[in-house]
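Trainee: I am new to this structure. Please show me how to read a few of its features.

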Amino acid sequence: MKRLAVLLAVLLFPAALAAQSEDTKFEQLLEEEWEYRLREFPVEATYVGDPRYDNRMTDYSEAAIERRRQHARDLVGRIRAIDRAKLTPENRLNYDLFLLEAERDVEGQRFRRDFIQITQRGGIHSQLAGLAQVVPKASVRDYENFIKRLEQTPRLVDQSIALMRKGLAEGITPSRITLRSTAELIANHIAEDPAESPIYRVLFAKEPPDPALKQRVAAVLADQVIPAYRRLQRFFTEEYYPRTRESIGISAVPDGAEWYAYLVRSYTTTGMTAEEIHQLGLAEVKRIRGEMEKVKTSAGFKGSLDEFFTFLRTDPRFYFTTRDDLLVAYRDIAKRVDPELPRLFGLLPRTPYGVVPVPEYSEKTQTTAYYNQGSLEAGRAGLFYANTYNLAARPKWEMEALTLHEAVPGHHLQISIMQELGDLPEFRRFGGYTAFIEGWGLYAESLGPELGLYTDPYSRFGQLTYEMWRAVRLVVDTGMHAKGWTRQQAIDYFKANAGKTEHDIVVEIDRYINTPGQALAYKIGELKLKELRAYATRELGDRFSIRRFHDAVLGAGALPLSVLETRVKEWVATEKATR
């Protein structure tokens, strides 16, 4: 529609040709680059709902990686060749964001993240089982496409091994302590009977359109996939794991300090230093501890805060005894929130969502929960995955906050709205910035009282525990990666300041070790959103509308925090002028 409008304007008003030509060139570049991205990363195409490449897997050969790296460098020049001043205001923002992402991509090329192909949270051994959950399964052709993907497993395993060997040579590997259960996780995908493999069980959770497909998939698993996984397991156990680095912080790898600084800038979309973030974390931990003391008192608990933590971690009343009961309780919370959403949001998504358990093959080292986006194009709902492993580590008092974060009004609502903003270019509908996305998820947890939740002190304490969790991240992430903290020092600090169970704490610390910087985005994004809400409330007074504020925040998709601030302040000025 937008391209048609541009064409009509040029035909009807020739004087507009000069002004419009840069927009046309830029929009063509956006379309070309989106098509290029889908071709190069066919798994991503499947996730966004484009089925054209459902029979392909990404090429991770060194030649393909270098070709993509050169393409990224060339892209920066192509973007800069467009005259930004001649673009429409909407396209100037698209231009700025597109150039920012392209330049950051090129800047990051000096840091070989692609050498790390396996962590405790997954790798090539688990990719196909995850993909089997989201691929279309409506026709024989859908299954045939997936079979073609299975047939590429030997190549993918060999490419991953080659990259990991280069990582060993360069000293770029995950920290060894975090990989202690990974051989077991790989083994979970190696079955003597192919019908018992996670891929087979997920793919055929429902009957396929042709029963013969089961035999075909079983044959490919037996002949190609499982032997490749066995080769991967031997490599991991005999060659890789014994030679991975013993250090904890990324500062110990080549270029590590610069790598961490780059990651901090990328994930937070700010210019904050690691030291500034560390001090912010310490201040937030102190503030939240004060709030926790108040809730502990309101619960009638007479002991210290540490004793209250122990009580919450150990009292049987706070835990379910069956996995099904835990899952049903999550679903109940989600469906109690749904009818309350229109009071806080004018813009709501059309994409539905569900609540399902984390797959058994990955649950042991997986986090408490996570979200996988849906796709209207593919007819796929969004999914909130709740971890039902080790029920003694899944307290009831954390469930309301977690549901708000992962489902609604957190990730499902925000990401689905973003994908449904049809006027945005695809790189914005399906991209994003971690500080915005995860900051929104954490901000969503604070909306519990406005949605009728946190009605008892334990659930309220659960919300504070989750906020504390993200404040602790600022301290321990920067501590381990910039200040020389040990893993145990990080675990001890976490345990001393949050009520989360020890299993969760260890899983989280290991996550921060192998994804440096990512955990910083949550609290920094949330604090900016709360700051902007306070600003809008103060400036607009009685004219402030929480629904309109939320729609202004979400209505342009995920943005860098500085761009979000500009957008909200412009919205406030407009509200003042028109209401």
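**Reading the features**

Mentor: Start with Phe345, which is buried, at a relative accessible area of 1%. Buried means under 20% relative accessible area, exposed over 50%, and partly exposed in between, with a 1.4 Å probe and protein chains only. This is a predicted model, where local features need pLDDT of at least 70, side-chain atom pairs count only at pLDDT 80 or more, and totals for chains, interfaces and linings use all residues. Residues are numbered from 1 along each chain as its sequence is written, and side-chain values use heavy atoms, with hydrogens and water left out.

Trainee: How many aromatic pairs does the structure hold?

Mentor: Rings of Phe, Tyr and Trp (its six-membered ring) pair if their centres lie within 6.5 Å; planes under 30 degrees apart count as stacked, over 60 as edge-to-face and the rest as tilted. The structure holds 27 such pairs. One of them joins Phe345 and Trp440 edge-to-face, at 6.1 Å centre to centre and 70 degrees between the planes. This pair links distant parts of the chain, 95 residues apart: Phe345 is in the loop between helix H15 (323–337) and strand E3 (353–357), and Trp440 is in helix H19 (residues 434–445). Helices (H or I, at least four residues) and strands (E, at least two) are DSSP runs, numbered from the N terminus. Trp440 is buried, with a relative accessible area of 0%.

Trainee: Which residues form one aromatic cluster?

Mentor: Phe301, Phe308, Phe309, Phe311, Phe318, Tyr458 and Phe461 do.

Trainee: At what angle do helix H21 and helix H22 pack?

Mentor: Two packed helices are described by the angle between their axes and the distance between the axes. Axes are lines fitted to C-alpha atoms, for helices over the stretch in contact, and angles run from 0 to 180 degrees between N-to-C directions. H21 (residues 487–497) and H22 (residues 502–514) pack at about 135 degrees, with their axes 10 Å apart. H21 and H22 are therefore oblique to each other. Angles under 35 degrees count as roughly parallel, over 145 as roughly antiparallel, 65 to 115 as roughly perpendicular and the rest as oblique. Contact means heavy atoms within 4.5 Å. Among the residues making it are Ile491 and Phe494 of H21, and Ile505 and Ile509 of H22.

Trainee: Why is helix H6 largely enclosed by the rest of the structure?

Mentor: Nine of the 11 residues of H6 (residues 124–134) are buried, so the helix is largely enclosed. The buried residues include Leu128, Leu131 and Val134.
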